[in-house]
Amino acid sequence: MPVPLSFRPEPQAERRNLELLAPARTADIGVAAVDCGADAVYIAGPAFGARQAAGNPVSDIRRLCGYAHRFGARIYVTFNTLVYEEEIPQARRLLQELQDAGVDALIVQDAAVTRLAPEGMILHASTQCAIRTPEKARFTESLGYGRLVLERELSLAQIRAVREAVDAELECFVHGALCVCYSGQCYLSEHLAGRSANRGACVQACRSLYDLEDADGKVLVKNKALLSLKDFNLIGRLEDLAEAGADSFKIEGRLKSASYVQNVVRAYSDALDALVRRYPDRYRRASYGTLRGGFRPDLKKTFNRDYTELFLDGKRGEWAAMDAPKSMGEYIGTVDRLRAGVVTVRPDRPGLALHNGDGFAFVGRDGGIVGFRGDVCEGFTIRCKEVPGLKAGTRLYRNIDAEFERRLEAGRPVREIGVTLQARLSAGALAVTAVTEDGRQASLEVPAPFEAARDADRMLETVRAQLSKRSGIYAFSAAGVEVAGPVPFMSASFLNGIRRDLAEALDAQPVRMQPLRRGAVRPDSAPETLTYKDNVANSVAREIYRERGSVSIEEAYELTHREGVEYMRTKYCLRHELGLCPKQKPGTRPAPLFLLNQGRRLRLDFDCAACEMTVR
């Protein structure tokens, strides 16, 4: 069955666009994301992206824009690092190049970009802008942003409050890895390794192993990834998010593989389509097309550290992935027997099948994740190289399902633009009009062959059938064939040529893109009520904040390395995760705790009034 992304002859202003926003490490992964149902793709350019390992030349971004725009899909470039003073000329040049390449919007952290960007460029405020209150949302919107990317830690009630406070589009993360810290305000990587998360060089200190001590030096937990969170998964909550005011549903993963992106995008596209079908008068997809065929998505098969919905319902749960900071995959059972190069597994459930080339993982003696490849899998016997630390009784997980990966690689769906045809036969001519789902129109009139068809009814069925096929990215459907006079005989090749000519005529017309909101600079509504703590790294941003009457301007930690700074502030709380929260155990004092790693000592304090933890 084809899966509709959005089919609508005429856009209707009263319906809200819902956008599925996919990550792409490369332009080719971006193309795969569009093919699997993404309404938009975010990707880094050659510089100023918050993932240094995911940069792309402008030429690749131009190619991706050309492909995505055929379906009305958007391309956003991450320009979301701090810009240093000496980099301002380079930033200006690159911003102009990106606009010339056809980029639809920039995702921005540094306020300076609101003045450095060329006129007409649409700007989205990155999650690094740390937007988690209505007041901060209003201020950020006032700088000229058309969209606000909200912090991941917000509840539905908090999202609604922001929605009521601003006119900008709202973007919410729905899937993927979770930073333990409020985004844009994490300095731990810079502190420990001199590599700034705000400059795209995070060392992921939150996935490292730590010991936990109390103030007396007593070890409470040893050698665990105590700051590592499970992965986000809100696939079952898209309706709640849309109702709360979210316009864009963002998948994390600009360093992830093509198979990860394809699987997750297809799963969320299916879920978003189901939402649109439930409320066709309320919502529509933000791009066009229908997915046909391809693989069946399965989120359990893709990289994850187990899943959480975090604080969406305003409640705390078990958020930590301290035992598995890397992807463990699906639990398959325990090791039953072990001899040189042969592992026998006692399966966890019936119906489980292992495949040659599967990847397996287990927790080693030191608490780290150990992985190995199953070269040959026969039933529940795995032949592999000898694996240090593996023993009978070990809980075994599969983090790469080779058969599923093969299906993903071979079974990418086909995305088609729906086209309705009306045909008319009269006086020896065939006139055909085609209208795409985005409203483009092409007409063609050709002389019909002189010879009359022997069976007029059968010929008309042939006309309908041949015109109702695929040409290029278009899926044609003959809505009707009007006849005024004798029905001529028309060959399949003649009718196919008409369809191909119509496809070329439609390709020559730009797709009618759904509009993005353009921000407008305006005076801040309440500058005196806020102390803005956005990192400021250049004179342009500094001037913007001064003009807004900010109570204080916080210089970027990367420039000052000042003492006494919070390296992290987070909604995640180790006391709560370990059952030591005063609310769980009345009478317990929220005294500091300490993280230790390779001789480095970090202090944890607990702001119980705000229900937050800080790392110093």
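Contact here means heavy atoms within 4.5 Å. Helices (H or I, at least four residues) and strands (E, at least two) are DSSP runs, numbered from the N terminus. This is a predicted model, in which local features need pLDDT of at least 70 and side-chain atom pairs count only at pLDDT 80 or more, while totals for chains, interfaces and linings use all residues. Residues are numbered from 1 along each chain as its sequence is written, and side-chain values use heavy atoms, with hydrogens and water left out.

Helix 6 spans residues 156-165, and its buried residues are Leu-156, Ile-159 and Val-162. Buried means under 20% relative accessible area, exposed over 50% and partly exposed in between (1.4 Å probe, protein chains only). These residues cover an arc of only 120 degrees around the axis, so they lie on the same side of helix 6. The arc is that of the directions from the helix axis to the C-beta atoms. An α-helix has 3.6 residues a turn, so residues three or four places apart point the same way. The buried residues of helix 6 pack against helix 5 (134-142), strand 8 (169-176) and helix 8 (238-244).

## Helix 1 against helix 2

Helix 1 (residues 27-35) packs with helix 2 (residues 58-69) at an angle of about 10 degrees. Their axes are 9 Å apart. Helix 1 is therefore roughly parallel to helix 2. Angles under 35 degrees count as roughly parallel, over 145 as roughly antiparallel, 65 to 115 as roughly perpendicular and the rest as oblique. Axes are lines fitted to C-alpha atoms, for helices over the stretch in contact, and angles run from 0 to 180 degrees between N-to-C directions.

Helix 1 contributes Ala-27, Asp-28, Gly-30, Val-31, Val-34 and Asp-35 to the contact. Helix 2 contributes Asp-60, Arg-63, Leu-64, Tyr-67 and Ala-68. Six of the contact residues are nonpolar, one is polar and four are charged. Ala, Val, Leu, Ile, Met, Phe, Trp, Tyr, Cys and Pro count as nonpolar, Asp, Glu, Lys and Arg as charged, and the others, Gly among them, as polar.

## A buried loop threonine

Thr-81 sits in the loop between strand 4 (74-79) and helix 3 (88-100). Thr-81 is buried, with a relative accessible area of 2%. Leaving aside neighbours within four places in sequence, its contacts are Phe-48, Gly-49, Ala-50, Gln-109, Asp-110, Asn-198, Arg-199 and Gly-200.

Seven strands form an open sheet in the order 19-18-22-16-17-21-20, with antiparallel pairing. Two strands pair if DSSP finds at least two bridges between them. Strand 19 (369-373) and strand 20 (376-378) are the edge strands, each pairing on one side only. The twist averages 35 degrees from one strand to the next.

Strand 18 (residues 359-363) pairs with strand 19 over five bridges. There, Phe-362 has Val-370 of strand 19 as its bridge partner. Strand 16 (residues 330-339) and strand 17 (residues 342-347) share six bridges, and Arg-337 stands opposite Thr-344 in strand 17. These two strands form a hairpin with two residues between them. In the turn, Gly-341 has a positive phi of about 75 degrees. Strand 17 also pairs with strand 21 (residues 381-383) over three bridges, where Val-342 faces Arg-383.

Another open sheet has six strands, ordered 10-9-31-32-33-30, with antiparallel pairing. Strand 10 (219-224) and strand 30 (568-570) each have a single partner strand, so one side of each is left without a neighbour in the sheet. Neighbouring strands are turned by 20 degrees against each other on average, direction ignored. Strand 9 (residues 210-213) runs antiparallel to strand 31 (residues 593-597), joined by three bridges. Leu-212 has Leu-595 of strand 31 as its bridge partner.
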